[in-house]
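Visitor: Could we go through this fold together? I would like to start with the strands.

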Amino acid sequence: MDWVVDAGNTHLRWAGARGGRILWQAALPDAGPKALTAAWSCAPPPARIVVATVAGPVTREAIARAARDSGQREPEFLVSPAAGWGVRNGYREPANLGIDRFSALVAARHRYPAGALVVDVGTAVTLDLLVGGEHRGGYILPGPALMGEALTTGTAGVAAAQPDPAEAPGRDTATGVGRGIAHALVGAVAEVRAHLAGQGLSGVPCILTGGGAALVAQRIAPPRIQLPGLVLEGLARMAAEPMD
């Protein structure tokens with residue numbers, strides 16, 4: 001069995017995988033070495049630890065240290081290739097595409113061979129278009145928390161507000177901010193879909209993933225599906241199958 005690890009900016013998720021399939025999943029709100037070492041010390045040793053992270057060197061070192069301190073194997077930190085596992089990377093500099101995004105595209109390619117729009121709602125929101133295995137690039141915008149922080153720190157008189165998926169206009173500032181955040185995310189997806197329809201790509205399924213996906217899932221027009229473990233699913237396939 002392999003371990004596949006998705007280490008984001010705020011949470012760390014990992015799963016046991018065999019033959020490209022997820023067997024179990026776990027998550028930690030704290031990706032520090034102490035918490036991770038404690039979790040990994042009581043787990044059966046894997047054949048490999050395959051990691052996708054864009055969280056920076058501190059997180060990478062925390063994962064490597066936790067593996068050493070818990071007696072596990074040295075982690076393998078992946079980088080997005082120009083092509084592999086049925087996906088051709090659309091970035092001019094392939095390694096600059098976040099490995100979490102590439103892993104999600106691998107999973108999307110397996111589920112929807114004809115293509116999909118992959119929307120990951122996390123600290124940042126990414127929208128990536130996949131058509132027949134070809135990644136045609138994507139869009140990046142602030143996630144819900146960052147949108148709210150921008151208003152509270154950059155303006156006077158706007159307090160922190162929780163994102164709110166309700167459609168009706170807000171009748172106070174906090175509600176207006178919360179609903180505005182959700183509207184911005186839903187509108188971004190709708191705008192990208194309209195652009196795709198203009199290119200003859202209407203009806204492309206939307207795959208929603210990431211910790212904030214539930215915020216807008218019901219507001220996204222079908223066809224849509226919510227898959228919280230999409231990155232782990234892609235990593236499981238990458239760990240089990242040749243790169244191509």
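Visitor: Which residue in E3 stands opposite alanine 17?
Guide: Isoleucine 22 does. E2 (residues 12–18) and E3 run antiparallel and are joined by seven bridges; two strands pair if DSSP finds at least two bridges between them. Strands (E, at least two residues) and helices (H or I, at least four) are DSSP runs, numbered from the N terminus.

Visitor: What kind of model is this?
Guide: The model is predicted: local features need pLDDT of at least 70, side-chain atom pairs count only at pLDDT 80 or more, and totals for chains, interfaces and linings use all residues. Residues are numbered from 1 along each chain as its sequence is written, and side-chain values use heavy atoms, leaving out hydrogens and water.

Visitor: What is the strand order of the open sheet?
Guide: The order of its five strands is E3-E2-E1-E4-E5, with mixed pairing.

Visitor: Which strands stand at the edges?
Guide: E3 (21–28) and E5 (76–77) do; each has a single partner strand, so one side of each lacks a neighbour in the sheet.

Visitor: Which strands does H7 lie across?
Guide: H7 lies across E1, E2, E3 and E4, at about 140° to E1. Angles run from 0 to 180 degrees between N-to-C directions, with axes fitted to C-alpha atoms, for helices over the stretch in contact.

Visitor: And how do H3 and H7 pack?
Guide: H3 (residues 99–111) and H7 (residues 230–240) pack at about 80°, their axes 7 Å apart. That makes H3 roughly perpendicular to H7, a term for angles of 65 to 115 degrees.

Notes:
Parallel < 35°, antiparallel > 145°, perpendicular 65-115°, else oblique. Contact = heavy atoms within 4.5 Å.
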